[in-house]
Amino acid sequence: MSYPQLNDAQTRTPDSHLSVPGTPRNGSDGLLHRVKNLPGYTTPVFKGKEEQRAHVEQEVAAKGFIPRELVAGEVNWFYTNLGIDDTYFRNESREVISDHIIALFGAKMLAYTKHDPSKLVIDLEKIDERGNGATFIHTSPPGITTTEGPGAICELRIDTLFLDNSTPSDAYRLETFRSAGSISSTASQQLRCYFVNKCVFPTSPPTKNAEGRTEIKSVSDKSFLEKASENTLEIYQKIMWSVEQRYGPVMEVFEVEGSRERRLVIGYKMGGTTTFFSALSNLYHFYCLYSARKYVEQFSNGVTIISLYLNPVPNANAPPIEHSIFQVMKEASLLYCLPENPFFLPRAAGSHAVQEATYAYCGWIFAQHFCNRLGPAYLQLKNVLDENDPAHAEVLNNIKRRFREETFTRESIEQVINAHPDLVGDLIYSSTPDSSRILQIRLLYVNFAMTHYPASDNASELMPTLSYQRLQTVQPLSDEELYDKIRRTIPNKHELQVFESFLIFNKHILKTNFYQPTKVALSFRLAPDFLPEVEYPRKPFGMFFIIGNEFRGFHIRFRDVARGGIRIVMSRNKETYSINQRMLFDENYNLASTQSLKNKDIPEGGAKGTILPSIGATPRRCFEKYVDAVVDLLIPGQSPGIKETLVDLYGKPELLFFGPDEGTADMMDWAALHARSRGAETWWKSFTTGKSAETLGGVPHDTYGMTSLSIRQYVLGIYKQLGLKEKDITKVQTGGPDGDLGSNEILLSSDKTVAIIDGSGVLADPAGLDREELVRLAKLRVPVGHFDKSKLGKEGYLVKVEEQDIKLPSGEIVLDGTDFRNGAHLRFKADLFVPCGGRPEAVNISNMAALFDTEGKPHFKYIVEGANLFLTQQARLFLEKRKVVVFKDSSTNKGGVTSSSLEVLAGLALSTQEYVDLMIFKDGKPSDFYKSYVKDIQEKIAENATAEFHCLWKEYARLQGAKPRTTISDELSSTLNNLQAELESSDLFDDVPSRNGVMKRAIPKTLVDKIGLETLLKRLPETYQRALFSSWVAAHFIYKYGVNGSSVDFFHFARDLSK
């Protein structure tokens, strides 16, 4: 193994001292801490050792496997010369020890028969059947990760069996050391011993100091306290306090006086990563270091601390430990994010360094999503077919899905990357026959790193880091030169596309936390210019790509100021996960695009985030890592060694606004508070919507019926325009009384509901469901499965999803309740259909014909699409063509986004103290300001929804039905968004009287009266003000004059803005 040579000046270690872990360290005296050359742990002397040895010797002799004249020598070597810690002798029984001595003797005999002492292999283990711990002992060459034999998987097994599964109430600690002596006088191998023990924590509650920080002794394992020195307790205490204050890992290096040993101590929240302990061994072995001792300590307050005692392998051709230890610490933060990286498995003589391997992993994930899988053939077919024709649209959709499934799989992309390590990044300079090819190293990684590797801001630092020196060993190529080299190296077009995607990845990264000293997941802010127009006709404004060990995710927004929910996409099995993985970005794009149509008359454009957890991953942990990684790119780093300044090619501050969506409704509070803890003092209040009303001043949509208010305006609008009486209208509803929309639709309506379908089953009664019973369920927020069946008519029924072979009043047999529920929305007939829940595309081109009887008569006269994407676009157009009145989701259910928008506004407009005083409940009750602000929101929702309904109705009438309402709605949204974009970049905003006139009307009166317009305009970011101004002007102009309003109309409209 070869490395760039270092000069003497580069290897000098500056004077340093023990400082508080996690605090900024500046100047040459603060690069590492120094500790005295004393054991960090004391092993209590086992007083009964000699007596035990005598009994063990008797037992070994009695078993007869070792010749009697050799027994004393073997036992003495095991107890004295081998150098095993007294911990082993104190913990193990005489029977186990005697078995281990016999096993060691047998291994020596086997090696002797092979005439090769190096073949001597020891593999001893004992796992307690009652779950109290385990002991593992095996031969272990220092500084080498073995790829076969007992040492190859021992630490990984300890991770998966014990450490990864530890919880504050059921945890395991580990101590492991290398034997001081060799196995025998003729064999130089040493033993590695691992002792895993179940923690015994104090039963009393943790003790806190005056600052509210946990006292380490009150949360420590009993045996740890017996062994840890005072200095170790002091170090661990400070590490623990840093972990409690920080979301990511805490890493500190300590120099041992008078020796070359370095101690690396890493603290993190328990369960924050997996297989980390075993991955660390691969890392320090990579730099020709070995560990004399290692400890993993668990604490009942949910903190894990790993301590590694590292030394240089003698006579190794490697950087000195004085230098490499910092690279180990730097790369440990990447391992924390991706400990199970398949590109960092030292399976052969050549293995990627962690940084190169991590880059390869990120490029691999990117390629899975963005290798161009459709190509010119699909484009030609798309141009020939008519997407508005349902049959044509189905053909195109099937072809797109097939291309995505078969062209590039994650396995095939991984094979391509592994087949060309020279292009992705390989650190090993081997003497293998393939070394001439391997020397063409790290081209793609270097291309990435030369842009994003942060420049040092401290001239007195030790020296350029090893990773920086590695970059200097390769001549960087321009994008054109690199592409030309790739093209000449890889003649296979299929493989070429994979590496082209790496180049695209590199070229479109605007900023990343890749080189951030501490992080919990990797995040990349991408310029979305690379998205092919044939697949993604609307170009997003911004895009974030997040990669964690147990998840991947995206965030897409269509304008600078944008808001949307964060959705967790769960997978029931591997097959579902594979489908979700292929479709994740498309789902995110489509949701964000739909959101932008819905957000037409508010300042925030459309945005959406998606998170795909691996099977078995904890969704909340994935969400927290996703948020933290995104925040890394929103807040400039200012803490050396923790969060440092990143290379920012975007060059402008960014604000994102997150909201609740599937699986994240109860996580918005955490995200807002976490943003505040990270330093987002000015925008933490607006970072998330859907926060708890009482504790964080959120405005819950369900409590105040925000989304239902806008849906309701469309239902009432239909009744009014057509002269209908609500009590005479029959209605079918999906989404039951347990949900936001479903419950409020029941509470706000007075129609004759004949069927409700929700997650629990199907409730139907052609005579009309009992209204009082429905209201009872809606107020209790329980599903239709709780409906009192005694209140059903003779033709009514309730079929629950778990039921089978149910006979309906008509005589029909329902074989399976779940299957019946899934298709129930296609079987009922009524005047009105209001979907308030259900999966996207529940009505699509393949099943929409079922909404018509044999004579072609539709099941419903009117459809108000409350649930997002319940109908596909083709289904909407098909229904409208057959005279069904359809109002689509992006028009009808925008009440929720309007409410969230005004929740954001309150967060941006109020100072932290004002927010606490006015928005957060006192003694469980809202302030008068809060109640008044909520009324303002409700009025704004009703106003916007009514205005859009009338605009759509008038435009449809003007065109005499020549254009479907669905198309008019889309055109209205596009026209509004386009006008808003034009206004944002125009100078109309600079006209102060017009600006103030608009702002006074756009900002709720309650807020203006309390804070004052002048103060509000000083506080609100200019980008937000422009968005608020342009959205109000665009919406009010279009709603007043229609989509065909002229320039003259706008002149008259703009003239009155200042009034």
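F276, F277, S278, A279, L280, S281, N282, L283, Y284, H285 and F286 are the buried residues of helix 9 (buried means under 20% relative accessible area with a 1.4 Å probe, protein chains only, exposed over 50%, and partly exposed in between). Helix 9 spans residues 276-286 and is mostly covered, with 11 of its 11 residues buried. Just after helix 9, C288 has a positive phi of about 55°. Helices (H or I, at least four residues) and strands (E, at least two) are DSSP runs, numbered from the N terminus.

The model is predicted: local features need pLDDT of at least 70 and side-chain atom pairs count only at pLDDT 80 or more, while totals for chains, interfaces and linings use all residues. Residues are numbered from 1 along each chain as its sequence is written, and side-chain values use heavy atoms, with hydrogens and water left out.

### Sheets

Two strands pair if DSSP finds at least two bridges between them.

| 10-11-12-13-15-14-16 | strand 10 (509-512), strand 16 (657-660) | 20° |

Strand 10 pairs with strand 11 (residues 522-526) in the antiparallel sense over three bridges; K511 has R525 of strand 11 as its bridge partner. Helix 17 (residues 443-452) packs on this sheet, touching strand 10 and strand 11, and its direction makes about 70° with that of strand 10 (axes are lines fitted to C-alpha atoms, for helices over the stretch in contact, with angles from 0 to 180 degrees between N-to-C directions). Helix 21 (residues 574-598) lies across strand 12 (542-548), strand 13 (551-557), strand 14 (562-568) and strand 15 (605-613), and runs at about 165° to strand 15.

In the other sheet, strand 19 (residues 761-764) runs antiparallel to strand 20, joined by four bridges. The bridge partner of A764 in strand 20 is Y797.

### Cores

A nonpolar core is a set of buried Ala, Val, Leu, Ile, Met, Phe, Trp, Tyr and Cys residues joined through side-chain atoms within 4.5 Å. The largest has 204 residues, and F524, F623, I1003 and L1007 have the most contacts inside it. With contact meaning heavy atoms within 4.5 Å, F623 touches I566, I568, I611, T664, M667, M668, W670 and A671, not counting residues up to four places away in sequence. A second, separate core of 31 residues includes Y797, A867, F870 and V886.
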